[in-house]
Amino acid sequence: MPYDFDRVVDRRSTNSAKWRKYPADVLPLWVADMDFPSPEPVVRALRERVEHGVYGYGFEGPEFGEVFVDRVQKRYGWKISPEALVLVPGVIPGLNVACHALTQPGDGLLMQLPVYPPILRSPGNHGLTRDEALLGRERDGGYVADLDAFRAAIHARTRAFILCNPHNPVGRVFTRDELSGMARICLERDVPIIADEIHCDLLFPGHRHVPIASLGPEVEQRTITLMAPSKTFNLAGLKFSVAVIPNAPLRERFMAARGDYVQASVNILGYVAALAAYRDGQEWLDELLRYLEANRTFLADYVRRHLPGITMTPPEGTYLAWLDCRSAGPAAADPFTFFLERAKLALNDGALFGRGGQGFVRLNFGSPRSLLIEGLERMRRALAG
(Lines give C-alpha, C1' and ligand atoms only; values in the text may rest on other atoms or scores of the structure.)
Protein backbone atom coordinates (compact mmCIF):
# COMPACT_ATOMS: atom_id res chain seq x y z
CA MET A 1 0.00 0.00 0.00
CA PRO A 2 1.25 3.57 -0.63
CA TYR A 3 2.22 5.61 2.40
CA ASP A 4 1.84 9.39 2.58
CA PHE A 5 4.93 10.70 4.33
CA ASP A 6 3.96 14.28 3.45
CA ARG A 7 0.96 14.16 5.78
CA VAL A 8 1.45 16.19 8.95
CA VAL A 9 0.14 14.41 12.03
CA ASP A 10 -0.85 16.51 15.05
CA ARG A 11 1.28 15.22 17.92
CA ARG A 12 0.86 18.08 20.38
CA SER A 13 -2.41 16.52 21.52
CA THR A 14 -0.50 13.42 22.66
CA ASN A 15 2.07 13.05 25.44
CA SER A 16 4.90 13.31 22.92
CA ALA A 17 8.24 14.26 24.48
CA LYS A 18 9.35 15.70 21.16
CA TRP A 19 6.36 18.02 20.82
CA ARG A 20 5.65 18.82 24.49
CA LYS A 21 9.14 19.67 25.81
CA TYR A 22 9.12 23.17 24.34
CA PRO A 23 6.40 25.88 24.09
CA ALA A 24 3.84 25.63 21.30
CA ASP A 25 5.55 28.29 19.17
CA VAL A 26 8.76 26.21 18.96
CA LEU A 27 9.11 23.75 16.08
CA PRO A 28 10.82 20.57 17.33
CA LEU A 29 13.41 19.02 15.01
CA TRP A 30 15.50 17.56 17.79
CA VAL A 31 15.13 14.10 19.41
CA ALA A 32 15.49 11.00 17.16
CA ASP A 33 11.76 10.40 16.86
CA MET A 34 10.19 10.61 13.40
CA ASP A 35 6.89 12.37 12.71
CA PHE A 36 5.50 9.55 10.56
CA PRO A 37 2.86 7.00 11.57
CA SER A 38 4.29 3.51 11.98
CA PRO A 39 3.60 0.84 9.34
CA GLU A 40 -0.03 -0.20 8.94
CA PRO A 41 0.72 -3.88 9.82
CA VAL A 42 2.14 -2.69 13.14
CA VAL A 43 -0.90 -0.53 13.89
CA ARG A 44 -3.21 -3.41 12.98
CA ALA A 45 -1.33 -5.91 15.16
CA LEU A 46 -1.39 -3.50 18.12
CA ARG A 47 -5.09 -2.81 17.65
CA GLU A 48 -5.89 -6.53 17.67
CA ARG A 49 -3.80 -7.10 20.79
CA VAL A 50 -5.28 -4.10 22.63
CA GLU A 51 -8.82 -5.22 21.80
CA HIS A 52 -8.11 -8.53 23.53
CA GLY A 53 -8.34 -6.56 26.78
CA VAL A 54 -6.00 -8.56 29.02
CA TYR A 55 -2.45 -7.25 29.45
CA GLY A 56 -0.73 -9.64 31.83
CA TYR A 57 2.89 -10.75 31.79
CA GLY A 58 4.17 -11.76 28.38
CA PHE A 59 5.83 -14.92 27.12
CA GLU A 60 8.67 -14.93 24.62
CA GLY A 61 7.60 -17.51 22.06
CA PRO A 62 9.79 -18.82 19.24
CA GLU A 63 8.24 -16.76 16.43
CA PHE A 64 10.09 -13.53 17.09
CA GLY A 65 13.46 -15.25 17.24
CA GLU A 66 12.83 -17.03 13.96
CA VAL A 67 11.80 -13.81 12.20
CA PHE A 68 14.70 -11.78 13.59
CA VAL A 69 17.37 -14.37 12.85
CA ASP A 70 16.12 -14.80 9.28
CA ARG A 71 16.10 -11.03 8.77
CA VAL A 72 19.64 -10.54 10.08
CA GLN A 73 20.98 -13.27 7.83
CA LYS A 74 19.25 -11.92 4.72
CA ARG A 75 20.19 -8.27 5.31
CA TYR A 76 23.70 -8.62 6.72
CA GLY A 77 24.83 -12.16 5.96
CA TRP A 78 25.29 -12.79 9.69
CA LYS A 79 24.24 -16.24 10.85
CA ILE A 80 23.07 -16.30 14.45
CA SER A 81 20.83 -18.65 16.41
CA PRO A 82 17.65 -17.70 18.29
CA GLU A 83 19.40 -18.77 21.50
CA ALA A 84 21.79 -15.84 21.08
CA LEU A 85 18.96 -13.31 21.52
CA VAL A 86 18.12 -11.56 24.79
CA LEU A 87 15.20 -9.14 24.80
CA VAL A 88 15.61 -5.91 26.75
CA PRO A 89 13.41 -2.80 27.07
CA GLY A 90 15.62 -0.45 25.06
CA VAL A 91 19.11 -0.18 23.61
CA ILE A 92 20.32 2.23 26.29
CA PRO A 93 19.10 -0.01 29.15
CA GLY A 94 20.82 -2.87 27.30
CA LEU A 95 24.01 -0.86 26.96
CA ASN A 96 24.02 -0.13 30.68
CA VAL A 97 23.36 -3.79 31.48
CA ALA A 98 26.37 -4.69 29.33
CA CYS A 99 28.52 -2.16 31.20
CA HIS A 100 27.30 -3.61 34.49
CA ALA A 101 28.21 -7.11 33.32
CA LEU A 102 31.68 -6.29 31.95
CA THR A 103 33.12 -3.68 34.29
CA GLN A 104 33.86 -2.79 37.88
CA PRO A 105 34.01 0.71 39.42
CA GLY A 106 37.29 2.35 38.47
CA ASP A 107 37.52 0.61 35.10
CA GLY A 108 37.62 2.50 31.81
CA LEU A 109 35.04 2.60 29.03
CA LEU A 110 36.22 3.46 25.51
CA MET A 111 34.10 5.50 23.10
CA GLN A 112 34.52 7.65 19.97
CA LEU A 113 33.59 11.31 20.34
CA PRO A 114 31.47 13.23 19.63
CA VAL A 115 28.83 10.67 20.53
CA TYR A 116 25.18 10.20 21.58
CA PRO A 117 24.78 11.71 25.10
CA PRO A 118 23.47 8.55 26.86
CA ILE A 119 26.62 6.76 25.65
CA LEU A 120 28.74 9.69 26.79
CA ARG A 121 27.09 9.59 30.24
CA SER A 122 27.20 5.82 30.69
CA PRO A 123 30.57 5.69 32.53
CA GLY A 124 29.10 7.87 35.25
CA ASN A 125 26.32 5.34 35.82
CA HIS A 126 28.86 2.71 36.83
CA GLY A 127 31.74 4.59 38.44
CA LEU A 128 33.92 4.24 35.33
CA THR A 129 36.38 6.54 33.63
CA ARG A 130 35.69 7.71 30.08
CA ASP A 131 38.44 6.74 27.63
CA GLU A 132 37.92 9.12 24.71
CA ALA A 133 39.05 8.60 21.13
CA LEU A 134 38.17 11.51 18.88
CA LEU A 135 36.90 10.67 15.42
CA GLY A 136 39.16 11.96 12.65
CA ARG A 137 38.08 14.77 10.32
CA GLU A 138 38.73 14.92 6.59
CA ARG A 139 39.14 18.09 4.55
CA ASP A 140 35.54 17.95 3.36
CA GLY A 141 34.31 17.82 6.97
CA GLY A 142 33.52 14.11 6.96
CA TYR A 143 34.47 11.88 9.84
CA VAL A 144 36.60 8.72 9.90
CA ALA A 145 37.67 6.21 12.52
CA ASP A 146 41.11 7.38 13.63
CA LEU A 147 42.77 4.08 14.55
CA ASP A 148 45.85 5.74 16.01
CA ALA A 149 43.71 7.81 18.39
CA PHE A 150 41.60 4.72 19.08
CA ARG A 151 44.64 2.66 20.10
CA ALA A 152 46.10 5.48 22.18
CA ALA A 153 42.86 5.89 24.16
CA ILE A 154 43.02 2.32 25.51
CA HIS A 155 44.60 2.11 28.97
CA ALA A 156 45.41 -0.68 31.41
CA ARG A 157 41.98 -0.40 33.05
CA THR A 158 39.93 -0.16 29.81
CA ARG A 159 37.42 -2.99 30.03
CA ALA A 160 34.99 -2.37 27.15
CA PHE A 161 34.46 -0.35 23.97
CA ILE A 162 31.09 1.12 23.04
CA LEU A 163 30.76 1.26 19.26
CA CYS A 164 28.02 3.43 17.78
CA ASN A 165 27.41 2.37 14.16
CA PRO A 166 25.77 3.93 12.23
CA HIS A 167 27.22 6.75 14.24
CA ASN A 168 25.07 9.21 16.13
CA PRO A 169 25.45 12.17 15.65
CA VAL A 170 27.87 12.31 12.68
CA GLY A 171 25.94 9.88 10.45
CA ARG A 172 28.89 7.69 9.43
CA VAL A 173 28.32 4.09 8.38
CA PHE A 174 31.73 2.65 9.15
CA THR A 175 33.33 0.58 6.41
CA ARG A 176 34.39 -3.02 6.81
CA ASP A 177 38.02 -1.87 6.87
CA GLU A 178 37.37 0.65 9.65
CA LEU A 179 35.45 -1.90 11.70
CA SER A 180 38.14 -4.54 11.14
CA GLY A 181 40.77 -2.11 12.39
CA MET A 182 38.82 -1.34 15.54
CA ALA A 183 38.04 -5.02 16.15
CA ARG A 184 41.67 -6.03 15.65
CA ILE A 185 42.84 -3.51 18.26
CA CYS A 186 40.14 -4.64 20.69
CA LEU A 187 41.23 -8.27 20.29
CA GLU A 188 44.88 -7.35 20.77
CA ARG A 189 44.09 -5.41 23.95
CA ASP A 190 41.47 -7.87 25.24
CA VAL A 191 38.68 -5.27 25.17
CA PRO A 192 35.12 -6.59 24.66
CA ILE A 193 32.80 -4.66 22.33
CA ILE A 194 29.34 -3.30 23.10
CA ALA A 195 27.87 -2.40 19.71
CA ASP A 196 24.98 0.07 19.53
CA GLU A 197 23.62 -0.64 16.04
CA ILE A 198 20.14 0.80 16.52
CA HIS A 199 20.22 2.75 13.23
CA CYS A 200 21.45 -0.22 11.18
CA ASP A 201 18.36 -0.31 8.91
CA LEU A 202 18.46 3.40 8.09
CA LEU A 203 21.13 3.57 5.39
CA PHE A 204 21.31 5.55 2.18
CA PRO A 205 22.34 4.18 -1.24
CA GLY A 206 25.98 3.26 -1.57
CA HIS A 207 26.36 2.18 2.04
CA ARG A 208 26.00 -1.21 3.70
CA HIS A 209 25.79 -2.00 7.38
CA VAL A 210 28.30 -4.54 8.65
CA PRO A 211 27.57 -5.83 12.17
CA ILE A 212 30.97 -5.74 13.81
CA ALA A 213 30.33 -9.17 15.34
CA SER A 214 29.93 -10.61 11.84
CA LEU A 215 33.60 -9.96 11.02
CA GLY A 216 34.65 -13.35 12.38
CA PRO A 217 34.22 -15.87 15.20
CA GLU A 218 36.81 -14.24 17.48
CA VAL A 219 35.08 -10.86 17.28
CA GLU A 220 31.62 -12.41 17.63
CA GLN A 221 32.65 -14.15 20.85
CA ARG A 222 33.71 -10.84 22.36
CA THR A 223 30.75 -8.70 21.27
CA ILE A 224 27.32 -7.75 22.64
CA THR A 225 25.30 -6.29 19.75
CA LEU A 226 22.25 -4.13 20.45
CA MET A 227 19.58 -3.67 17.77
CA ALA A 228 15.97 -2.50 17.83
CA PRO A 229 12.99 -1.68 15.62
CA SER A 230 12.46 1.61 17.45
CA LYS A 231 14.26 4.04 15.13
CA THR A 232 13.56 2.05 11.96
CA PHE A 233 9.80 1.78 12.39
CA ASN A 234 9.21 4.71 14.79
CA LEU A 235 8.41 2.58 17.85
CA ALA A 236 10.64 4.20 20.48
CA GLY A 237 7.86 4.62 23.04
CA LEU A 238 7.14 0.88 23.06
CA LYS A 239 10.47 0.04 24.74
CA PHE A 240 11.74 -3.04 22.91
CA SER A 241 15.22 -4.05 21.78
CA VAL A 242 17.38 -7.11 21.17
CA ALA A 243 20.82 -8.00 22.49
CA VAL A 244 22.62 -10.49 20.26
CA ILE A 245 25.17 -12.44 22.30
CA PRO A 246 26.35 -15.67 20.61
CA ASN A 247 28.90 -16.42 23.38
CA ALA A 248 26.91 -18.45 25.95
CA PRO A 249 28.98 -17.55 29.07
CA LEU A 250 28.93 -13.89 28.10
CA ARG A 251 25.18 -14.12 27.53
CA GLU A 252 24.73 -15.62 30.99
CA ARG A 253 26.70 -12.74 32.53
CA PHE A 254 24.52 -10.26 30.66
CA MET A 255 21.31 -11.96 31.77
CA ALA A 256 22.46 -12.03 35.39
CA ALA A 257 23.29 -8.33 35.20
CA ARG A 258 19.97 -7.61 33.52
CA GLY A 259 18.11 -9.17 36.42
CA ASP A 260 19.90 -6.87 38.85
CA TYR A 261 19.78 -3.70 36.79
CA VAL A 262 16.53 -3.46 34.80
CA GLN A 263 13.15 -5.09 34.58
CA ALA A 264 13.90 -8.30 32.70
CA SER A 265 10.81 -8.58 30.51
CA VAL A 266 9.91 -6.32 27.60
CA ASN A 267 6.61 -4.52 27.12
CA ILE A 268 3.99 -6.91 25.71
CA LEU A 269 2.82 -4.32 23.18
CA GLY A 270 6.42 -3.64 22.21
CA TYR A 271 6.83 -7.34 21.50
CA VAL A 272 3.73 -7.39 19.29
CA ALA A 273 4.85 -4.28 17.41
CA ALA A 274 8.41 -5.54 16.90
CA LEU A 275 7.25 -8.86 15.51
CA ALA A 276 4.82 -7.19 13.10
CA ALA A 277 7.41 -4.61 12.01
CA TYR A 278 10.17 -7.10 11.28
CA ARG A 279 7.80 -9.55 9.61
CA ASP A 280 5.56 -7.22 7.61
CA GLY A 281 7.09 -3.72 7.60
CA GLN A 282 9.59 -3.91 4.73
CA GLU A 283 7.38 -2.20 2.13
CA TRP A 284 6.88 0.76 4.47
CA LEU A 285 10.60 0.87 5.23
CA ASP A 286 11.52 0.90 1.53
CA GLU A 287 9.23 3.88 0.95
CA LEU A 288 10.49 5.62 4.09
CA LEU A 289 14.11 5.37 2.97
CA ARG A 290 13.30 6.93 -0.39
CA TYR A 291 11.54 9.80 1.38
CA LEU A 292 14.37 10.31 3.85
CA GLU A 293 16.90 10.33 1.02
CA ALA A 294 14.94 13.09 -0.70
CA ASN A 295 14.76 15.03 2.59
CA ARG A 296 18.52 14.62 3.02
CA THR A 297 19.16 15.94 -0.48
CA PHE A 298 16.83 18.90 0.05
CA LEU A 299 18.44 19.70 3.41
CA ALA A 300 22.01 19.59 2.11
CA ASP A 301 21.12 21.82 -0.84
CA TYR A 302 19.28 24.31 1.37
CA VAL A 303 22.15 24.54 3.85
CA ARG A 304 24.60 25.15 1.02
CA ARG A 305 22.45 27.81 -0.67
CA HIS A 306 20.74 29.65 2.15
CA LEU A 307 22.49 29.18 5.51
CA PRO A 308 25.78 31.12 5.30
CA GLY A 309 28.49 29.88 7.63
CA ILE A 310 26.79 26.51 8.23
CA THR A 311 28.12 23.33 6.66
CA MET A 312 27.11 19.69 6.75
CA THR A 313 28.35 16.42 5.35
CA PRO A 314 25.29 14.42 4.22
CA PRO A 315 24.89 11.48 6.59
CA GLU A 316 25.46 8.00 5.24
CA GLY A 317 22.87 6.61 7.62
CA THR A 318 20.29 7.74 10.23
CA TYR A 319 17.87 10.65 9.71
CA LEU A 320 20.06 13.01 11.72
CA ALA A 321 22.13 15.86 10.27
CA TRP A 322 25.18 17.20 12.10
CA LEU A 323 25.42 20.91 11.32
CA ASP A 324 28.68 22.78 11.80
CA CYS A 325 27.74 26.33 12.85
CA ARG A 326 31.16 27.51 14.02
CA SER A 327 31.37 30.08 11.22
CA ALA A 328 27.74 31.14 11.36
CA GLY A 329 28.22 34.64 12.71
CA PRO A 330 25.84 35.35 15.59
CA ALA A 331 25.00 31.64 15.93
CA ALA A 332 28.60 30.42 16.12
CA ALA A 333 29.19 30.53 19.89
CA ASP A 334 25.99 28.77 20.96
CA PRO A 335 23.89 27.69 17.96
CA PHE A 336 21.44 25.67 20.07
CA THR A 337 20.39 28.70 22.15
CA PHE A 338 20.54 31.05 19.15
CA PHE A 339 18.10 29.01 17.06
CA LEU A 340 15.85 28.20 20.01
CA GLU A 341 15.50 31.86 21.00
CA ARG A 342 15.74 33.62 17.62
CA ALA A 343 14.15 31.02 15.32
CA LYS A 344 11.86 29.20 17.77
CA LEU A 345 13.45 25.99 16.52
CA ALA A 346 14.49 23.15 18.83
CA LEU A 347 17.59 21.23 17.77
CA ASN A 348 20.03 19.13 19.80
CA ASP A 349 22.94 21.00 21.37
CA GLY A 350 26.21 19.66 19.97
CA ALA A 351 28.01 20.46 23.22
CA LEU A 352 26.09 17.63 24.88
CA PHE A 353 27.79 15.11 22.56
CA GLY A 354 31.18 15.69 24.17
CA ARG A 355 34.49 16.86 22.76
CA GLY A 356 34.19 17.93 19.15
CA GLY A 357 30.55 18.95 19.52
CA GLN A 358 30.83 22.58 20.57
CA GLY A 359 29.47 24.85 17.84
CA PHE A 360 27.38 22.08 16.25
CA VAL A 361 23.69 21.22 16.36
CA ARG A 362 21.92 18.01 15.39
CA LEU A 363 18.81 18.29 13.22
CA ASN A 364 16.24 15.51 12.77
CA PHE A 365 15.00 15.44 9.16
CA GLY A 366 12.64 12.50 9.75
CA SER A 367 9.58 14.70 9.24
CA PRO A 368 7.18 15.66 6.47
CA ARG A 369 8.95 17.94 3.99
CA SER A 370 6.78 20.90 4.92
CA LEU A 371 8.00 20.79 8.54
CA LEU A 372 11.60 20.49 7.42
CA ILE A 373 11.17 23.49 5.10
CA GLU A 374 9.57 25.52 7.87
CA GLY A 375 12.46 24.74 10.22
CA LEU A 376 15.07 25.69 7.64
CA GLU A 377 13.24 28.91 6.78
CA ARG A 378 13.26 29.82 10.45
CA MET A 379 17.01 29.28 10.55
CA ARG A 380 17.52 31.42 7.45
CA ARG A 381 15.47 34.30 8.84
CA ALA A 382 17.24 34.15 12.21
CA LEU A 383 20.67 34.30 10.58
CA ALA A 384 19.59 37.20 8.38
CA GLY A 385 18.64 39.15 11.49
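Q: What makes residues of helix H3 count as buried, and which are they?
A: Buried means under 20% relative accessible area, exposed over 50%, partly exposed in between (1.4 Å probe, protein chains only). In H3, the buried residues are Phe64, Gly65, Val67, Phe68, Val69, Arg71, Val72 and Tyr76. This is a predicted model: local features need pLDDT of at least 70, side-chain atom pairs count only at pLDDT 80 or more, and totals for chains, interfaces and linings use all residues. Residues are numbered from 1 along each chain as its sequence is written, and side-chain values use heavy atoms, without hydrogens and water.

Q: How do you know that the span of H3 is close to the expected one?
A: The expected span of a helix is 1.5 Å times one less than its number of residues. H3 (residues 62–76) has 15 residues. Its first and last C-alpha lie 21 Å apart, close to the 21 Å expected.

Q: Why is Cys164 called buried?
A: Its relative accessibility is 4%, so Cys164 counts as buried.

Q: Why is Cys325 called buried?
A: Cys325 has 0% relative accessibility, and therefore counts as buried.

Q: How many disulfides does the structure hold?
A: A disulfide is a pair of cysteine sulfur atoms within 2.5 Å. The structure holds 0. For Cys164, the nearest cysteine sulfur is that of Cys200, 11 Å away.

Q: What makes a nonpolar core, and which residues touch the most other members of the largest?
A: A nonpolar core is a set of buried Ala, Val, Leu, Ile, Met, Phe, Trp, Tyr and Cys residues joined through side-chain atoms within 4.5 Å. The largest has 80 residues. Phe64, Phe68, Ile310, Leu323, Phe339, Leu363 and Met379 touch the most other members.

Terms used:
Helices (H or I, at least four residues) and strands (E, at least two) are DSSP runs, numbered from the N terminus.
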